[in-house]
Amino acid sequence: MRKEVILVTGAAGEVGQALIESLAAAGYGNILALDIKAVPAEIRALCHEEIVGDIVDDKLLNRLVAEYAIPQVFHMAALLSTRAEYTPETAHRVNVEGTLNLLKLSVDQATWIGQPVKFIFPSSVAAYGLPDLETKRRAGAVKEDDWNKPTTMYGCNKLYGEHLGRYYAYHYRQLAAEQRQNSIDFRALRFPGLISAFTLPAGGTSDYGPEMIHHAAQGKAYQSFVREDARIPFMAMPDAVKALLDLQEAPQDALTRTVYNVTSFSLSAAEIADYVRVAFPAAQISFAPDVQRQGIVDTWPEDQDDSAARADWNWQPDYDADRAFAEYLIPNIRQRYVEKA
Ligand code: AKB
């Protein structure tokens, strides 16, 4: 008998680690962690097995199909938006070919286990692309189907990943004589910028938010690469994990879409700096916008309309901005650097 596991890709990344902690706390002992990097030992201890490997390695994925029964995939692996602009073709390989490989693995798995594979895909606010600041201000909180013209490789990859998931869920091999129905139960979330108290993001463009707080807590000066008035939506990491788990648990017949916005608060860079200065009065924060990275943030909406998620699967974040800073970010980040000192 093949061991039944939940596959988490990108397991060593920010969301992957937080997700594994929550899955383990909820009693899932059968997590198969996959990442190109080794996962930290304390996360490894929560998993059934860790595999260090590449999602574009066909041989590795074939081995997974042969060795495991995988009714559920959380596909968190990705190269983020800033990193992807330096190596766009590599980003395409990881973000698109990697996603395609995992969708194909899921179709194969569905045949073996005789049930649809649940496939949870984190998309991003980067899937949007607003043409100019005036339009961004007028658009306010955008709905899922509006302004889908991303300007970054990562945004294009995420938007296409959403479409690939929909294709595999509803139209895969639609001309085949023998139709295979419902091999994949594909569900995607469009996340805003995420802020964790315990890990730092690598290679994103919303990173100025988390970086500002983590620098201040370490007594380090921080120069923001976006203007004071740069505004995008953000979310505290526990809410991101909650959204992944809530969407995963939602009954299929309650879902009216494959892709859902989720968000919790929208802040300008200056407002983030204000929260940080209240907690760390000595914080040295200055603003020296990098025209190109600022340009990316300017194409992302000020806010996301998550009414569909609220209506269909009762999405409700636990943390607004005040609570995120007062109860999650500041105390945990303070503690993190005290312990490290
Ligand atoms: C990034 O900045 O690339 C990510 C994202 C917004 O998805 N944090």
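## Helices H8 and H10

The axes of helix H8 (residues 208–217) and helix H10 (residues 269–279) come within 10 Å and cross at roughly 20°. That angle makes H8 roughly parallel to H10. (Angles under 35 degrees count as roughly parallel, over 145 as roughly antiparallel, 65 to 115 as roughly perpendicular and the rest as oblique.) Axes here are lines fitted to C-alpha atoms, for helices over the stretch in contact, and angles run from 0 to 180 degrees between N-to-C directions. Helices are DSSP runs of H or I with at least four residues, numbered from the N terminus.

H8 passes H10 in a right-handed crossing; in such a crossing the near helix is turned clockwise from the far one by less than a right angle. Which residues make the contact? From H8 come Tyr-208, Gly-209, Met-212, Ile-213 and Ala-216, and from H10 come Ala-269, Ile-272, Ala-273 and Val-276. Contact means heavy atoms within 4.5 Å. Eight of these residues are nonpolar, one is polar and none is charged. (Ala, Val, Leu, Ile, Met, Phe, Trp, Tyr, Cys and Pro count as nonpolar; Asp, Glu, Lys and Arg as charged; the others, Gly among them, as polar.)

## About the model

This is a predicted model, in which local features need pLDDT of at least 70, side-chain atom pairs count only at pLDDT 80 or more, and totals for chains, interfaces and linings use all residues. Residues are numbered from 1 along each chain as its sequence is written, and side-chain values use heavy atoms, with hydrogens and water left out.

## Helices H8 and H13

H8 also meets helix H13 (residues 321–340). Their axes come within 9 Å and cross at roughly 45°, so H8 and H13 are oblique to each other. This crossing is right-handed.

On the H8 side, the contact uses Ile-213, His-214 and Ala-217. H13 brings Phe-325, Leu-329, Ile-330, Ile-333, Arg-336 and Tyr-337. Seven residues of this contact are nonpolar, one is polar and one is charged.

## Helices H3 and H5

Helix H3 (residues 58–67) and helix H5 (residues 88–113) have axes that come within 10 Å and cross at roughly 20°. H3 is therefore roughly parallel to H5. Their crossing is right-handed.

Asp-58, Leu-61, Leu-64 and Val-65 of H3 meet Asn-101, Leu-102, Leu-105, Asp-108, Gln-109 and Trp-112 of H5. By class, the contact has six nonpolar, two polar and two charged residues.

## Around the ligand

The residues around the ligand (a heavy atom within 4 Å) are Leu-80, Ser-81, Ser-124, Val-125, Tyr-154, Gly-204, Thr-205, Ser-206 and Trp-300.

Where do serine side chains come in? A polar side-chain atom of Ser-81 lies 2.5 Å from an oxygen atom of the ligand. For Ser-124, a polar side-chain atom is 2.7 Å from a ligand oxygen atom. Ser-206 has a polar side-chain atom 2.9 Å from a nitrogen atom of the ligand.

Technical notes: Helix = DSSP H or I, 4+ residues; strand = E, 2+ residues; numbered from the N terminus. Polar contact = N/O pair within 3.5 Å; in protein donor to acceptor, adjacent residues only side chain to side chain.
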